[in-house]
Structures are given as C-alpha cells and as structure tokens.
There are 2 protein chains.
Amino acid sequence: MKPSRRKFIHSALWTTAGISVIGPSQIAWSKANTVIKARSIWDIPTPALLIDREAMERNLRKMKSFLSATNAGLRPHTKTHKSPAIAKMQMDYGAVGVCAAKVSEAEVMLAGGLQDILITSPIVTADKIKRVMALASQSDRIRLVVDRQENVRDLNEAAKAAGVDLSVMIDLRLGWIRTGIDHGKPAMDLLKAIDRSSNLRFYGIQAYAGPVQHVRGFDHRKEASEKALAPAQQLKKEIMKAGYQEPILSVGGTGTYSIDAALEGVTDIQAGSYLFMDVDYLMIGGKAGALYTDFEPSLYVLSTAISQPQPGSITIDAGGKSFSKDKKPQLKDITGVEYSFAGDEHGILKLTDPSKEILVGDKLLLLISHCDPTINLYDNYHVYAGEEVQEVWPVAGRGKSQ
Amino acid sequence: MKPSRRKFIHSALWTTAGISVIGPSQIAWSKANTVIKARSIWDIPTPALLIDREAMERNLRKMKSFLSATNAGLRPHTKTHKSPAIAKMQMDYGAVGVCAAKVSEAEVMLAGGLQDILITSPIVTADKIKRVMALASQSDRIRLVVDRQENVRDLNEAAKAAGVDLSVMIDLRLGWIRTGIDHGKPAMDLLKAIDRSSNLRFYGIQAYAGPVQHVRGFDHRKEASEKALAPAQQLKKEIMKAGYQEPILSVGGTGTYSIDAALEGVTDIQAGSYLFMDVDYLMIGGKAGALYTDFEPSLYVLSTAISQPQPGSITIDAGGKSFSKDKKPQLKDITGVEYSFAGDEHGILKLTDPSKEILVGDKLLLLISHCDPTINLYDNYHVYAGEEVQEVWPVAGRGKSQ
C-alpha cells in the first residue's frame, strides 16, 4: 500500500509541482511489448492487472532448473496468460512448445510468433477445422488432440483438401468425463485410424488430470496423480510394443509438475499458473507445509479504496468484473483484512485487525483469486519492478475462447 | 438446437455445395452498429454472445409502458450492456438519462453519443477526478455521487480549476455498507457542503439497495425495498422542507422497478438487467409465481458440443471464461439437461432426461447465468431475429472497470 493518498491527491492535481497523471490513451504501447514512460505503479488507473517481473522471472528460472534434472520438458499452457510475449519468454526458458485451449487462442499465438502450438481440446466443427488448416499451412507444428474416430476422419479429409500434414495426439480420458477416449482397445483403435490417415501424423498422448491439480495436500495429490496417469503410462507402453516410435506423453500442470515429471514415460508438463500463482494454488499445500510455495505470487490487481460508509470496513473499486468469483482475493503485505465481493464493481474489505491503516483514496495490491479467468478480464498487464512500471503487455488472447 | 450438425460438417466444408463459412475477420462491422452479411446464428464461431432482438425490444417496450403510468422515469444502468448502441435505444424508448458504474464506462458512453450520464460510484482519486472534469467539459449532464465531505471539497476544487459546473448527488447508505452516507444530519451536512460549493450543483439523491434486488419472493422483496428506501424518502422530504428545489430520487433495479416506481418521491429507476434477464433474476420470483417473468430472456450464449467421453453427459466449449461463475447457465428449449462448469474452457451437460438428442458437433443456445459479468467477457453481441444474424454490436465498454 502506498500511504497518504490524501497528500497525493492534493499535490498531484491542483498544484503545478504535482506528478503528471497520464491517461490511458497516452500510454505508448504497440501490439508487442514496448517500453512505456517510466512511472510509478501507484499512478496506474485502477483496477489494473500487474506483473511483478522479477518474481515471474524467478518462477520461470525455477521451473526450468527443476525440469532440467528430469526427463520431462515444459509445454506451458498459454490459456493462463494469453500473451505471446510471455509465451516467447517461456520458450527462451527452454519450453518445448506451447499449449492453447482453443483455435482462436492458437491463432493469437501463431500471429505472435509462436510455432509449436498444441490445441488441447478436440476441434470438431467445420468452421474451426478450416481455421486449424489455415494455421497448419503456416506452421508444421500445429498439433491437435482427438478423442473419436469420426474426428480423425474429418481432420484427415480437411488436411488432404488443404494439402497439409497435421500432427495429432490421442486425448486420453483419465477418470473424469470432460474429454478423452478410454485407454486399452478404444485408444489403440484410434491410433490405428490416425496411422491409416494419409495426412495425419501421430505425435503422442495427452493425458490431463485437471481436478488432480487442485487436490489438497502434497501426498494426497501425489497418490491421485500417479493413479490417474497409470493408464497413460500403460497406453504408451502398448503403443511402443506395437512398433510405433516413442510418442510424447503430455500431462500435468502446476499442481503436479514435480510429481509427474518423475513418472516413467512422461515427456512434458502442461503447467501455466506456475508463472503467477494465485490464492487457489497457494492453498493446495506443498511438500513442506500448508501453503504451496514451489512458485511465488507475481500477479496482482491494483485497486483503490473509494468509500467507507462505516468504521470496520472499507470499499474498493474491484469486484466481480476485476476478479474471477470462484475464490476470494487477498491483500498483499497487509494482514487482518478480509475481502468480500460486493457486486461486480466493488469489493468490501473487512478490517478485522489490519496491520496498516487503510484510508479512502489509498491504492492496494491484491493477490488474485484464480489467475486464468481473472487475467481474461483485462486488456493489459502492467509489468513492474520495484514500484516502477516498465512495460505494458496486451492480453492479446483475451476473450479468445472460440 | 440445430440438429444434425454432422450433416452440416459434411456438407459445408468438403463439398462445393456447402454453406460458406465466414471467419471472424470477414465479419463487416464498424465501431457503431452496422448491418453485416446476413447469415445463420448456427454459423457463428462459438462460444458467442447473442441477443434475440425482438425479445429485447419487447422488454424495452414493456418497461416504457409500465413506467409511463407512474411518476418515475428510467435511468438505465449501462454497466449491464456496456454498449452505447443499446443505451441509445433505451433513450429512444424514453429513458431520462443513463448510469455508468465507473469513469471509463462513462467515457465510452459519452464517446458513443450519450450526454446525460450518472456515474454511480464515488470518484475520489486525482486521476479519475481529472478524467471526470474532461467529461464535464463536454457535457453539462455528467453527474457524480458523493458520500463524504472531503470528496465535495476535492470535486469543487477540480471543477473550479477546470471551469465547469458539476452535477452532484448524495449517495445514501441503505442498510448495507458498500457506499453511501447516513441519512439525517450527515446527509444534510453533505447537502450544505455541496450547496456552498461554487462549482457544484445539487441534483438529488441516489439510494441503491443492491441486495434487495435479489430477495426471493415478490412480497418479501416489496417489504425489503419499502423498508430500505424509507430513509431516502424521508431525506427527500427534509431537503424540500429546508427550501431546496425538488431533488431527483434515483433508486432500484430490475428486481424492484415496479415496487419502487409506486413509492412517493421516487423519480427514476436504475434498472439494467430487464433488457436481457438471466437465470439469477428468473429465480427471484414474480408477483404471479416462482419465476420472475415481468421481462423475458433475450440474451444467450451459443456453444458447441465437442466431446462425449461417456454416455449420459456431453462436453461443450463454454466454461468459466464464457459464463460468469456465480450461477449456472441453462439450456434454451431443451429440458432434462443440467450444466456444470468443467474449468474455464468447458462445461459438462448432464443428460438426465434430455427432451432432444444432443450430439458432438451440435450447437446449443444457453440462457446465461448472470448477465452483467457474463457480457463483460465478450467483445461483441450478435443480434439476431429468427435464426438470422442481423448486426454485430461491440461491447464497447468491455473491461472498462476503471
């Protein structure tokens, strides 16, 4: 928190000696990440999304360093950050490729200079398949997942018509019922169908155990992930036994990266949230204790206290349009304060036993509740070091859920 | 639901007789609402946000017709739709002005041609106050709310420096603790401070009882709203007794419009959701029964079924980045199906007793969970009649929470 905003108000606006307040239209940024006029984070119009650059870079280094001692690489999921600029940093830190959740997200990544892009959901309709073929004609490392025979046929016909070879993975169902085909005969039959297809190349297995990422307690999570992934390891063995080249086995996320990277056959990890962390992931617990501290928080929302109708609470300008509502955000650096959503435009801070006084006009940093859907609410990241804004990066894939 | 998407896939893409699939870059729309190439709603890339134009217009007409028989006007809240095009339609249907939640939203409305704009949250920081003065120099009907003495002083100094007169309302606290000043002496003292300010004009009272909008059961809601608004009616009387001109009294929303419009002294209603309705508002109950049917649903998300790992459920491409997570969406026109969020990118439909078969590749319309925060996830509305897309309107204020 920057204290004494009242002083700021009276120095900035109505005296000539004040700080120049820059409106959003004056922020100079291009489509790529571009250095802007240096200015304090406390001058950013709120609510705003901020990246602590050094903390994020420590997370990048930590993941690289950890995985370099295993057989697995990183195939980071860009659905988290939706930023080609960040995806390129991940590639610089040794990623083997990136993931995208949807076709429109993959389009943003390819346009932003990424080449090796795995789309992690089945693409089944004519319009989307056509868009995938347009991507595949620009990069030979666009990779799809399939979980049904009909889709193999549709993709092959489209690839043939477009004159491209398409890299295809089997999406394996792991106990839950979101997407994926069953292991054993259904998966092996799907592999044969891919193998028979003139314009499809079999690339490997995707086995994403979504709910397992959030199992609380490291030991419980380890047990759950090992159990969930056993069919994927088995399928990989069957495939190699059938004479195929070693397929990739792409699994996991931020909650299980260290567990999964140690498993036989796993070639890459689809982590995303490790960059930023959030209240949700902090709470799943780590090897060492109740908080998951393998990575550190690097993403915040800056908000302003705008009203105090009664002592004991204070109202800020960030609500359900500034934070994903599935979890509650937490204040950075101030304890004894609890956030509640107060509609879409506001939050109320209950001042139970605040470690610092909070006044109307103060700006506050909050650790975000759930990173992926919160980021998807913002047009830009303000990237800072110390208290200085260094760059503004567009959330180029914001809203690209198609 | 449009049935037999499998047929569509095989007719559209790989035969020359197929429908032409138009990519999003080919959709012709300008910054204003512009007629696009007519095409079927079933060809829109999913997930997408759709307005049933005729249903929305019936809601516009119904609100106008209802209020014309009362003493209250409509001051619709644009935080719901974030579209100057829709705000102008509301003005055409007799609105007395519009509301905006934040400065950046008001900027979008003014740029879009609206003139009478009430910003419904206190504006307390130097940067935002400066932006308000820029708005006030373009329209003499920019109206702010205040809930503290210091803010009156700050606004007056800024208005003086900018050479504008600013229209100001007292934001009254109504039992809950989000924003607002207490009735009685605190409010009257605030009025006197406004009255003493060289560049502020007192315009009236804002008394928004947010939680009351969602009280279930019409009679309970009526009782709650009448109780909540009593201090606002009392304050208005005191103000007039003190010799001031009759102030406006701006209250209510979609849940209480008919209750509040009948109350003595109420001059305008800040409804927003009445345009679209949502599952949340349907459930609050109406005069006639368990569902609130004063207005009809006119807003939908179009989604595609993309995977069916097991019988009994099917996975669609719309999750927490396509619907606000605070409530569950519901299928339009199909019963016996229950939606669950399956992460940010997907939903799972449990096929308990579906009234129509749903196959992978099918496109489905879903009634949205909660309109305001869901709309804020999308860049555009697809406006349709029958099954034909008539126009694409930008959600110009999307993300404008500053």
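What percentage of the 402 residues in chain A is buried? In this predicted model, buried residues account for 58% of the chain. The secondary structure of chain A consists of 11 helices and 18 strands. Of the contacts in chain A with a separation of 6 or more, 64% join residues 24 or more positions apart. The C-alpha trace extends over about 75 × 45 × 35 Å along its principal axes.

Chain A is assigned two segments of sequence, 5-52 and 294-394, as domain 1, and residues 56-275 as domain 2. The centres of domain 1 and domain 2 of chain A, taken over C-alpha atoms, are 35 Å apart. Contact between these domains involves 14 residues of domain 1 and 14 residues of domain 2. On the domain 1 side, β2 (48-52) and α11 of chain A each contribute at least two residues, and the largest share, 3 residues, belongs to α11(A). This side comprises 7 nonpolar, 3 polar and 4 charged residues.

The contact between the two chains takes 65 residues from chain A and 66 residues from chain B. On the chain A side, at least two residues each come from α1 (5-12), α5 (126-136), α6 (149-162), β11 (299-307), β12 (313-316) and α11 (371-375). Among the elements of chain A, α5(A) gives the most to this side, with 5 residues. By class, the side of chain A that touches chain B holds 24 nonpolar, 22 polar and 19 charged residues.

Terms used:
Residues numbered from 1 in each chain as written. Chains lettered and ligands numbered in written order. Predicted model: local features only at pLDDT ≥ 70, side-chain atom pairs only at ≥ 80, totals over all residues. Contact = placed C-beta atoms within 7 Å. Helix = DSSP H or I, 4+ residues; strand = E, 2+ residues; numbered from the N terminus. Nonpolar A, V, L, I, M, F, W, Y, C, P; charged D, E, K, R; others polar. Buried ≥ 20, exposed ≤ 12 C-beta atoms within 10 Å, placed from the backbone. Domains from an automatic or database assignment.
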